[in-house]
Amino acid sequence: MKFFRHRLLFAYSFVVLAFLYLPILVLVVYSFNRSRINAVWEGFTLDWYLSLFQNERVIDALLNTLFIAIIATLVSTILGTAAAIGLSKNKIRFRSAIDGLIYLPIIIPEVVMGLSLLIFFSQLHIPLSKLTVIIAHITFCISYVVIIVSARMEGMGKQLEEAAQDLGATPWQTFRYVTLPLIMPAIIAGALMSFTLSIDDFVISSFVTGPDSTTLPIYIYGMVKRGVSPEINALSTIMILITVVLVILSERFGQKDADQTTSKRLPF
Amino acid sequence: MKSMIQLVDIEKHFSDHSVIPPLNLTIHEGEFLTILGPSGCGKTTLLRMIAGFEKPTKGDIFLDQKRVTDSAPYQRDVNMVFQHYALFPHMTVEENISFGLQMKKVSAQEQMRRIEEVIALTRLSELKKRKPSQLSGGQQQRVAIARAIVNNPKVLLLDEPLGALDLQLRKDLQIELKHLQKKLGITFVYVTHDQEEAMAMSDRIVVMNQGKIEQLGTPYEIYHHPKSLFVATFIGENNIFSQGDQIFSVRPEKIILFPLNQSGAAAPTQEKKRGWVEDVVFLGNMYKLFIKLENEPTVLIAYQQVNGKGPYKEGEPIGVGWLKEDEVILN
Amino acid sequence: MKKRGTLIIWPALLWLILFFLVPCFIVLLYSVLKKDTYGRIIYSFNLDNYARFFDPLYLNILWQTLVIALLTTIFCLLLGYPLAYTISRASRKWQNIMLLLVMVPFWINFLVRSYAWVVILRSQGLVNTLLMKVGLIEEPLKLLYTPEAVMIGMIYALLPFMVLPIYVSIEKMDRRMLEAAYDLGATPFKAFWNITLPQTLPGIVAGSILVFVPSIGMFVVSDIMGGAKTALIGNVIENQFRTAQDFPFGSALSIIVILFSLILIYIYTRALKVQDGKGGNR
């Protein structure tokens, strides 16, 4: 009876996972479909990918997306890591207010964040461009980095830093030789997260984008609005591929992170 | 005897309450001193103040005649073995041990020499290249010790280092640590709540309770001449009696037992009280008897050596007595 | 060592204050202003925008948004809980694999995922083509541009948010409680209903909030899969900024949505705390 129940549960989850992956698979498969009208399979082709690579606007959008993502990732990782390190020291006044401020961007609906920045920039007469998009991306990425790195610092505990100081390391040496190596996996995980969020972002970007800062998601949206086409399938497949790679990389670093925390608890 | 550490009028307050009221303590060079007390008595706080991780609210700390009250931990010639070892997980055993030497920029040659010496001393040669996650509790402990002593500190602080290990390993390491201390000649300041451990290893013991020093003395003095009720009951087992406004204690092993169930047996003159056996516990090397005294609420603890006669039985009437010189008067 | 180290938190804090708090504050400000016929802002305090919200048109839209959000949450719960449960029963290795499998779609661009459903559900899409080929229908079904389509899109987008907190909650539970229950004669179903379910309530609450709150503010799914009939409050807001250029009104709507979310979260957590207290004399 238990065995049957087990089987049932596993069959059920298989169905749900299939539901999760079906649409993705459809996109990927049909990106190679010779037919323009999608639903009927008419043979394998790479034409749609080729036309993408010859499409100047697509290349532009891709370059914009990468440019914005790289800068946003760099800045948010540095700011976020610094904040996480600072927050790990106790006795900070207004600690709960600061924590709230950090969690807020994650809770607030993307629409609101996007429109608030649009109003902000228009009030200050700042023209919309790659800069405004980068600023927006950094704003929502910082929180994720802070949370990821803070969690790691908390898991590490104060003892290691105290041990280093006891052995003669100055605060700077402690940071360089003990703290930094140990939080590096978390920093990388945070950076990967920021990068992924940035290249995937549509809602917020669409509010603050200017004429020359079209990102890939924004471009895709434009195409979707004009109707279904296999080029979108191809572009989507590329985006899916990039995302999958990033997620797997992120997982790898997450694992390495976890290994180091468990090692501390081993003697018990 | 030269003083190595002096705590002068040390006080520690945390926001609203005082953890350590004014305290004075002198630790001699080369001694093995244990700070003993129940959880929360302030012993770890005291140790951390010596190490430099806590600043005393008032008072001064002197290390080898030098005032270190305001010095950071990395400026003090003191090293600590942490309770959970605090080994650096991303470094090998060898790298962990050499850390302090690296920070002080000791020459590579000198480093090699000292590391080899310490590794041999703590028997870690086979494990040099391993990471902490690949070591057992006892091995990690030895690495923590090696990492500390390789720096030739003037004082080694140990914060309940054996707490996480099982009994046999703990007893073995107690002996090892004692030998190590004798060999190195460094001053050891050891913190524990385990009084057997303290008695086994220390030259002197500081018994602490609620931030105050109850007594400072050799293990013998602490055991046989406790100065307060707390020390008398915290160390070993003890029987407490009150006479008028005086309290005194008699150790269970000093209680003399007199059988009463033989009719007509002459009561010996030393017999002081009567009662009956409430419980008998077999401890392997002896029996522990719980004796309920007549006309008193007191339950006495006495030891009976294992001999041919067998233990007193539950419910058996019994007489107890002790020598006057075995009474210890407490404040 | 105490004060010196905290200086480095300021760059991030200043950034968030400048580019997050200040804009939010400006939104609040705008919500009580008005736009004149030329599109310029009239800087006089008024609550017209809020009053305008109480028009049946907008109230209806809000209602529809809430209903869809609620149904989405319920379906995510029904679909997600068993999935989370199954994952927690698997071996360590499989757990990591399955969790990764659940996470990956979540990371893929929202837009791309919604578009995928358009491809599947449209009149010349996968479903209709298949059904017609098999002969079950003659004319393509109108699957897209309906509230149901929007719900499918939302469930699809938000399911991982439900699965993960529930999974964590199940993992945290002490299995020995179940063993005790079996020992005392409970059937697997009873054990689940009386022990597992209440014990995993925190996960259910977290997952529900993580699904419900974003649902209210979503507009991409309804924009791509919903069409004119299924405008949600998120679409109306977006419209104010894109087409209608009525920033004050859009701001007021945003504030209303945020307030709503906060109130609902509060009520929800309160309600479940009470329930937890009632059955919770463990």
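This is a predicted model: local features need pLDDT of at least 70, side-chain atom pairs count only at pLDDT 80 or more; totals for chains, interfaces and linings use all residues.
Residues are numbered from 1 along each chain as its sequence is written, chains are lettered from A and ligands numbered from 1 in the order in which they are written, and side-chain values use heavy atoms, with hydrogens and water left out.

The ring centres of Trp117(C) and Tyr156(C) are 5.5 Å apart and their planes stand at 80°, so the pair is edge-to-face; rings of Phe, Tyr and Trp (its six-membered ring) pair if their centres lie within 6.5 Å, and planes under 30 degrees apart count as stacked, over 60 as edge-to-face and the rest as tilted. Because Trp117(C) belongs to helix H5 (residues 110–121) of chain C and Tyr156(C) to helix H7 (residues 147–172) of chain C, the pair ties together parts that are 39 residues apart in sequence. Helices (H or I, at least four residues) and strands (E, at least two) are DSSP runs, numbered from the N terminus.

## Aromatic contact between chains A and C

Over all chains, the structure holds 28 aromatic pairs. One of them joins Phe120(A) and Phe19(C) edge-to-face, at 5.9 Å centre to centre and with 80° between the planes. This pair crosses between chains, from helix H5 (residues 110–123) of chain A, which holds Phe120(A), to helix H1 (residues 10–31) of chain C, which holds Phe19(C). Both Phe120(A) and Phe19(C) are buried, and together with Phe121(A) and Trp15(C) they form one aromatic cluster.

## The interface of chains B and A

In chain B, 28 residues are in contact (heavy atoms within 4.5 Å) with 22 residues of chain A. The two chains bury about 2300 Å² between them, 66% of it on carbon and sulfur atoms, where buried area is the accessible area (1.4 Å probe) that two parts lose on being put together, summed over both. On the side of chain B, Tyr74(B), His90(B) and Met103(B) lose the most area to chain A, together 27% of what that side buries.

The count between chain B and chain A is one salt bridge, a side-chain nitrogen of Lys or Arg within 4 Å of a carboxyl oxygen of Asp or Glu. Arg48(B) forms a salt bridge with Glu162(A), their closest N and O atoms being 2.7 Å apart.

Notes. Buried means under 20% relative accessible area, exposed over 50%, partly exposed in between (1.4 Å probe, protein chains only).
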